[in-house]
Amino acid sequence: MLVLLFVLRNLASLSAGEIPATAMSSFSRSGDVILGGLYPIHSWVSGLPCSGMLSRSSLERTALQMYAIEQINARQDLLPNVTIGFDIRDSCFSETVAMWSALALASTAELPQDDVEFKRITSPQRGKLLCIIGGTSSFTTIPASLAASLYRIPMISGYATSNELSVKSRFPYFARTVPADSLQATAIVDILLHFGWKYIGMYFQLNSYGIHGAQAVLDLVTKHDICVAFSVPVRPEAPESEMEEAVLNLETFPSARVVVLITYTTVAGRILDLNAKREGSPNNIVFVGSDGTGSWARNNLNSLLRGSVFVNLNYQEIPGFPEYYSNTQLQEDPFNPWFQEYKDEWMQSKGCSNISNCTIPIDNNDSTMVDAIYAFAYALHDLLQDRCNNSISCRELTPFISGHELIPYIHNLSFQGLNNHITFDSNGNPGGNYQVFGHRGEHGLVQIGSWVSSTEAPLRINSSAVELAWGSQSPPVSLCREVCQPGYVEVPLPQKCCYGCRQCPSNARVMGSECEPCPKDRWPDVSFKECLIIVPTPPNWNDPVVIFILIMSCFGLILSGLAASGLIYHRNNSLIKAASRELSSINILGLTLAFLAPFPLLVPPTDVSCITSEMIVSLCITLTYAPTLLKVNRIFRIFEAAKKSKKCPRFIGSRSQVVIVLIALVVVVFMSIIGTLIHPSRPAKLFFSPPTNYVEAYCAFGYGFLVSSTYNLVLILACCYYAFKARRVPSNFNESKFIAISVYSTLVFGMAAVPVYITAMYTLQKVATFCIAILLNSFLTLCCVYMPKLHAIILEKDVELCEWRVNTITMAEPSTVASKPSPDMRRVINVRPASVVI
């Protein structure tokens, strides 16, 4: 019913005027069956149908239909003994005239479905119309097919590509041998993807062909991340101002260097002409045209079209037709009612009196139309084979066959056409076979590839042909986005589909369109795609501070060696004996370990080096201050005891003193081992703020070092206490004063070094401060306690050992005791206080 209303509405609009006289003629030939033809013999000028000149291409099509039918009639394997006639009408490139001509053709066959009466015009005297071939465009084919469907007459087109014709509910009797626009849209999008064109503009003609073709392209580009900057409909009859406004989009969106044209040749030409004339318009645009744009080889636009690409149907040469068409031109009697008129106009325009001297050229590119004629013939052949048998002639059945019986056979066809193998789908559409052309500027067009829907990879591009067409293998760039360097992400700009670049933080990698911070122990690689582990940097042994520490450590080891050698060499000297050889040896061992402590602290941190550093530091302090504590404690106890009684204090002998030191050493070793098992010292990383691609390594001491340091701090505080208490001993017995200086300095250095080690921003600050504190304290102890003794032994010669009676002695220096004293006598050393230090 909707079809009938559409047709009646258009008939009413046509009846308001008059049917053009030029549309009332037909070219026909009788046969057993009739094959209709609908072509725009006359063009449309100034809004008046059939008022333009005769179309050379349409006249060629009438001859081509004649030629194809004659070839079929001459075959014995296809429709034997059945002759095909034809009835060709003029559509005048007008929807209304095309509909009227289709109704005129269909009405020669049978009554319409709804008993619509239609005045018939001249038709073949014999034969029944079973099918119509046409039209040559989608916008004329749509109304013509709707009109023919009223009479249930199939219509096969070799030109109409609109997707609208695929809707079988509206066009149940339509089929075509040309690919639908949906396939052409796929081919165009594949071309865009192949060359990386992601930002495009589009013009489409405001008719069924343009609207549905553009919609098919828009549906596909959204799936492939292709942005359409502008999509402008263009009317064929649009005034100049409207066309200029449409072309202005090329200046508004300069980044859209690729523009898709889904128009016919006339509209495409107007767009290109205006773009060429406008000042400031971009002339580096690549136009991608559909098959409707026709030939772009226009001399005045060659420079503008260089590098442009368009899709065209894969037309093949029709064997024998050029000779046939040339021979028909030489006939005195015109082979159709329009040809003689055109021939006269042609000879007049060429200034020749004989057509043989100025033969009308031939395009010879309508192979899809020949495939449509053969589709009708194969379908009719299959239908007759199903209906007739050996006893009944197939020819006798032709008057009883209706057009609607033919349509199922058309849809079930599979045959080899001139272009490719043709098989119709449920919508009456074949597969797609396109040629892809590139424009070479002044040198015209060159084929650069093809697109075949039946293959796994439909698009094939010839790189050498692309270079020939463009002058370079590198395609133009059509993107409205900056090319982001590594470490940058795209950010949207105010203009549609345009993107700029934003730099990520230096410690972040690029994940798609986001900046993802790397973990603090990692840093992005040069491509900012992966986060790589930062290799920690240990203290550099080439650093001046490290060199200074190493020199000081080596110098301290030399001094420790000299002190130890002096103690061993002068071990029987009374000064050495009086200072307790055993405790002094242990003390020197501690100082030696202190001078060795910087080495494991300065090497690249490992589990072994960190545990070794912890043990050496803990042991050197214990070995240094446990003997020192016993020395100063013994001095204080002896002088305190002498004030009260003549009895010597307990545990002041060398053996008991060494045992106490060993017990203190075992305690610290035990605490360090337990602490290491619970929470050992391990290599740690020192990070910086803000984050950098630089991490330093150092040893983070564990619980064992904390416990042992607390233990050693108690020893040092105890030393400080007894050194303070023994500050008033006689000047001849002033070793306790130098011990006091040593332990006081240790306490000060420790209070300064520990906070720095914890809070320092750089590993070198941590390690250097810690090492220097240990070294300074060791040097101070070595210089204050042992160097004076060695100096006295080597340089002072008037040292004298004296014995005093107990009752004449008010105080006795414990450090002068060489062995266990008797109850009534102690040995003392009488020296000149100005020159000897004990």
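Author: Let's begin with the second largest cavity, which has a volume of about 50 Å³. A volume here is the space filled by probe spheres set on grid points, which are joined across faces, edges and corners. This is a predicted model, in which local features need pLDDT of at least 70 and side-chain atom pairs count only at pLDDT 80 or more, while totals for chains, interfaces and linings use all residues. Residues are numbered from 1 along each chain as its sequence is written, and side-chain values use heavy atoms, with hydrogens and water left out.

Reader: What separates a cavity from a pocket?

Author: Rolling a probe the size of a water molecule over the atoms shows where empty space is left. On a 1 Å grid over the protein atoms alone, a cavity is a set of points where a 1.4 Å probe fits but cannot get out; a pocket is an open set with protein on both sides within 12 Å along at least five of seven lines, and lining residues have an atom within 4 Å of a point. In this model, Asn 587, Thr 628, Lys 631, Ile 739, Ser 742, Thr 781, Val 785 and Tyr 786 line the second largest cavity. H20, H23 and H24 each give two or more residues to that lining, and H24 has the largest share with 3 residues. Such helices (H or I, at least four residues), like strands (E, at least two), are DSSP runs numbered from the N terminus.

Reader: Which classes of residue make up the lining of the second largest cavity?

Author: There are 3 nonpolar, 4 polar and 1 charged residues. Ala, Val, Leu, Ile, Met, Phe, Trp, Tyr, Cys and Pro count as nonpolar, Asp, Glu, Lys and Arg as charged, and the others, Gly among them, as polar. The largest cavity, at about 70 Å³, has a lining of 3 nonpolar, 7 polar and no charged residues.

Reader: And what is the volume of the second largest pocket?

Author: About 800 Å³. Of its 33 lining residues, Phe 705, Ser 709, Gly 750, Val 754 and Phe 770 are the closest to the centre. H23 supplies the largest share of this lining, 9 residues, and the classes are 23 nonpolar, 9 polar and 1 charged.

Reader: Let's turn to a strand: how many residues of S7 are buried?

Author: In S7 (residues 199-205), 7 of 7 are buried, where buried means under 20% relative accessible area, exposed over 50% and partly exposed in between (1.4 Å probe, protein chains only). Tyr 199, Gly 201, Tyr 203 and Gln 205 point one way, and Ile 200, Met 202 and Phe 204 the other. S7 runs parallel to S8 (residues 227-234), joined by 7 bridges, and parallel to S9 (residues 258-262), joined by 5; strands pair if DSSP finds at least two bridges between them. Gln 205 stands opposite Val 234 in S8, while Phe 204 has Ile 262 in S9 as its bridge partner.

Reader: Finally, how many aromatic pairs are there?

Author: A pair of aromatic rings is described by the distance of the centres and the angle of the planes. The search finds 19 pairs; rings of Phe, Tyr and Trp (its six-membered ring) pair if their centres lie within 6.5 Å, with planes under 30 degrees apart counted as stacked, over 60 as edge-to-face and the rest as tilted. Tyr 378 and Phe 415 form a tilted pair, 4.9 Å centre to centre with 35 degrees between the planes. Tyr 378 is partly exposed at 23% relative accessible area, whereas Phe 415 is buried at 5%.
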